[in-house]
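Colleague: I have not worked with this structure before. Please take me through it one question at a time.

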Amino acid sequence: MLYTPDPMSEPFDLLTTIEYGGCSSKLPAGLLSEVLKEFPVITDPNLLVDVSTHDDAGVYKLNDETALIFTTDFFPPICSDPVEFGEISAANALSDVYAMGGTPLLALNLMMFSNAEIPMEVFGEILRGGSRKVEEAGALIIGGHTIDDHPPKYGLAVIGTVHPGRLITNAGAKPGDRLILTKSIGTGALVSGQKTGLAADPDYRRALDQMKRLNRYAAEVAVKYQVSGMTDITGFGLAGHALKMAEASRVSFRIVTGTIPLLPGAFSIFEKGSIPGATFRNLEFSGARAHFTRNVNHTLKMLAHDAQTSGGLLMSVNPDHASSVLAEINEADPESGAVDIGEVLSESPRTLYFE
Amino acid sequence: MKIVDTKGFTCPQPLIMLKEALLETETGEELTVYTDNDTSLQNLLTYLRDQGVEPRVTTSGKVHTLVTGRPAASTVEASDPVAYCSTGPVNDDFVVCIKGELMGEGDPELGRTLMETFLDALKLQEKLPTHVILYNGGVKLATKTTPTCQSLAELEELGIRVMLCGACIDHYGLQYGIGVGMISNMIVITETLASAGHVVYP
């Protein structure tokens, strides 16, 4: 049966398709590692980045000039407007290519959608949002696949390219480097706060706008300076992704929580207890590998584990380049508010030291 | 006794309800929380334990009952305007700085015993240091399987930052033997010493 639109109805609200309190759609990181470790490790001389370092994408060298970056990401609606959902999901999927220092080339739409539940115009609007971001990235959508399923999910599979010698992985952070974060933390807080009625409209609006922003401009600066390591911050939160990057690089990170940029409203939403379940799962994943000093505020500790959607890049930058990298990112993308949040230390008994 | 019934609510509602109720709970008063969601129970416990409170939990059928007191360091008290009206900022934080393996001068064997006892006694202090910094021969106290490593690990569990001089670890060839602490550099160590309220040298 087809969805029959009510002529009196308001524009379709995608958030009505997902369960209230649905927290986060990502599987717990610990569970995932448990399953993945039972699979044989694939070795191939041309495979430059495989699953072993938990990087953002796989990278395969075609020849001495070109390597392919291959990645995918998709998720259920995190906002009401279909065009915006398409934009956010596409920006999030494209980000993995940027996090490797690459340039997106081709993309496929991945869509799960039931026309029995949702008007078909919404389908078109989601795709329109996705196309807009792929176009901004300078890549081409060359097809896709749709499955009848409800609630809807949308994302992309993306192929990008990079010169094999200029690839930036999450395994290259060096002691002495500065850590630069290019977007504010708190998208999980604002999305959850909007559902619980604790997010002010302008604050929620700002979170949506941040999620729609491509990491392209910050990544171009990172490539220019050939930063030593990079990753993007998504579902495992700042702490989870920093942890994976530090472990892959065999170093430890010191992060000054007071310098972590926060979206307006995020702190007060968490302070009132509106903390999504994903945050607790991420906290458990960090466990004893992350150390927090007594004076770190509990709310900031939770925000360090807030699951991000289409979050920023975390870069490990040679200290001599740090101020230029910061200045150029903030010039290329004035909305970004990139900041220095800490430094890379020699590998210590624990991986992350927050203070 | 106050009761917060979160049955039928899923995350994050139960924690929002608990925090609202805690704002109206007096120190020493107890609060009872009902939840029928296992994940919510775990999240409530994580929150309360992080605030230094250990709630009592009983389960009957699908309903968990959690009895808790009010956390001492409550956000209500922290944001009390009166706290900011006194004589201005006074930094009474302190840092313990350990310059060598031994405590005091004289018999080295006694010096070693004294240092072990000192680190053990440190965790029992009512006012704890923010950092314990170890440099030069002091870094040897953080090597695995030593009693001092154990004491330092206990201090770390209490949220104290144990900070080691990286160059010193390299100098003594202890790269693979360190069991506790953040391997740091002179910039961070200098910064920490300079911003401490006062520094204790045992």
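What follows is a short exchange about a predicted model.

Colleague: In the sheet of 7 strands in chain A, which strands are the edge strands?

Modeller: The strands of this open sheet follow the order S8-S11-S7-S12-S9-S13-S10 in chain A, with mixed pairing. An edge strand here pairs on one side only.

Colleague: How do S8(A) and strand S11 of chain A pair, parallel or antiparallel?

Modeller: Strand S11 covers residues 313–317 of chain A, and 4 bridges connect S11 with S8(A). One of the residue pairs is A:Asp232 with its bridge partner A:Leu313 in S11(A). The sense of the pairing is antiparallel.

Colleague: How many bridges join strand S4 of chain A to strand S6 of chain A?

Modeller: S4 spans residues 103–112 and S6 spans residues 153–162 of chain A, and the two run antiparallel. Within this pair, A:Asn109 has A:Leu156 in S6(A) as its bridge partner. The number of bridges joining S4 and S6 of chain A is 9.

Colleague: Which element gives the largest share of the side of chain A that touches chain B?

Modeller: The contact involves 27 residues of chain A and 28 residues of chain B. Elements giving two or more residues to the chain A side include helix H4 (187–196), strand S9 (251–255) and helix H9 (277–286) of chain A. The largest share is 3 residues, and it comes from H9(A).

Colleague: How many residues on the side of chain A that touches chain B are polar?

Modeller: Sorted by class, that side has 9 nonpolar and 5 charged residues. Its polar residues number 13.

Colleague: What distance separates the centres of domain 1 and domain 2 of chain B?

Modeller: The domain assignment gives domain 1 as 2–75 and domain 2 as 94–200 of chain B. Taken over C-alpha atoms, the centres of these two domains of chain B are separated by 37 Å.

Methods: Residues numbered from 1 in each chain as written. Chains lettered and ligands numbered in written order. Predicted model: local features only at pLDDT ≥ 70, side-chain atom pairs only at ≥ 80, totals over all residues. Contact = placed C-beta atoms within 7 Å. Nonpolar A, V, L, I, M, F, W, Y, C, P; charged D, E, K, R; others polar. Domains from an automatic or database assignment. Pairing = 2+ DSSP bridges.
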